Amino acid sequence: MRSFVAAAVQVAPDPSPLTTATIAANCSRAAAYAERCADATGAELIVLPESVTTGFSPGVEAEQLWDLVDTADGPMLDPLRRTAAEHGAHIVAGTYERGPERGTVYNSAVLIGPTGDLLGTYRKTHLFPGERRDRGGWVTPGDSVTVLDTPLARIGFTICFDGDYPELSRIQAVRGAEVLVRPSALLRSADIWELTTRARAYDNHVFVIAANATGADPGGTLYFGNSLIVTPVAHVIARGTSHEGWTAARLEPRALVAMSPGSDRPQVFDHLADRNTGLYTRYRDDLTAPARTPFHHPAHAPGHAAARRERSS
């Protein structure tokens, strides 16, 4: 990793009913904000929110959404490709991605390189319950981890609710990620947003760039922004507000010289090197065994969704 400026850009989607025209407008708006951010901050890595091309709640069924969106390498993201190439920046953008069959839609994050080329795609692996197609939503989960080498750093990918799951971030850190990006459209509290973002940074001694949506989407959901850039010792070095805009900070490779921000005590532990891997091996079956919180809500019970549909029909 080398020293560079990173930025999290907050931009609101068009809340109108979703059409190809509103998607085009969203892409152009996101590109314009990325361009203004690059001009103002010199950012070489710009992270945009989750589903910035449509808004998180698209207000249409999976089949209609499939018809409206594009593949990751399709022309839908051309405005962002042009911006990346014109400013020599890496851009991470959240987008719904058309899958191989009609109705198969992924909640994805793409990395566009400084020449405008698509460098990689991550498909969200931990879906928020409301977006899951098997629960009446519109998204099919991904099944792989993405860590990409760039001239800036080795970058790992999470999307919003993924950040609640320490295992995903840990896999990426073990694979050498130095920076995690977290494009998001968080539906819960600002406290949970900050807690989980800082925890994933501290768990793994990595930088986290978390860009959260603002405004309202076509489904009528409101978002609070508050984008964060967090250091490997969980120090928030940049924080967004609730409106459209950006927040930026310089990421320095020497991020673990002190035990905490401003401390005169050197960093003496390493959450990766100091893992008790023998313990994890002994209990590896427990790490992947089916489980459920003891405080579960009736909505978590098997068959609840079907029963609810019957009552409402």
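Tutor: A helix here is a DSSP run of H or I with at least four residues, a strand is a run of E with at least two, and both are numbered from the N terminus. The model is a predicted one.

Student: How many helices and strands does the chain have?

Tutor: Eight helices and 14 strands. Take α3 as an example, which spans residues 78-87. Just after α3, Gly 88 has a positive phi of about 60°.

Student: Which residues of α3 are buried?

Tutor: Buried means under 20% relative accessible area. In α3 that applies to Pro 79, Leu 80, Arg 81, Thr 83 and Ala 84.

Student: What covers the buried residues of α3?

Tutor: To find cover, look for heavy atoms within 4.5 Å. For the buried residues of α3, the cover includes α1 (20-41), as well as β3 (90-98) and β4 (105-112).

Student: Which residues have the most contacts inside the largest nonpolar core?

Tutor: A nonpolar core joins buried nonpolar residues through side-chain atoms within 4.5 Å. The largest one has 39 residues, and those with the most contacts inside it are Phe 4, Leu 45, Val 92, Phe 157, Val 179, Ile 209 and Leu 251. Strand β9 (residues 207-212) gives the largest share of this core, five residues. Apart from it lies another core, of 23 residues, including Ala 31, Ile 46, Leu 77 and Val 110.

Student: What does Phe 4 touch, leaving out residues up to four places away in sequence?

Tutor: With those left out, Phe 4 touches Glu 44, Leu 45, Leu 152, Ala 153, Val 179, Ala 249, Arg 250 and Leu 251.

Student: Turning to the surface, which residues form a nonpolar patch?

Tutor: Leu 279, Tyr 280, Tyr 283 and Leu 287 do, and together they have about 390 Å² of accessible area. Tyr 283 sits in the loop between α6 (277-282) and α7 (284-288).

Student: Why does Tyr 283 count as partly exposed?

Tutor: Partly exposed is the range between under 20% for buried and over 50% for exposed. Tyr 283 counts as partly exposed because its relative accessibility is 38%. For the chain, the accessible surface comes to about 14400 Å², of which 52% belongs to carbon and sulfur atoms.

Terms used. Residues are numbered from 1 along each chain as its sequence is written. This is a predicted model: local features need pLDDT of at least 70, side-chain atom pairs count only at pLDDT 80 or more; totals for chains, interfaces and linings use all residues. Side-chain values use heavy atoms; hydrogens and water are left out. Patches are made of residues with over 30% relative accessible area and no salt bridge: like charges are joined within 9 Å, nonpolar side chains (Val, Leu, Ile, Met, Phe, Trp, Tyr) within 5 Å. Accessible areas come from the Shrake-Rupley method with a 1.4 Å probe; for residues, only the protein chains shown count as cover. A salt bridge is a side-chain nitrogen of Lys or Arg within 4 Å of a carboxyl oxygen of Asp or Glu. Buried means under 20% relative accessible area, exposed over 50%, partly exposed in between (1.4 Å probe, protein chains only).
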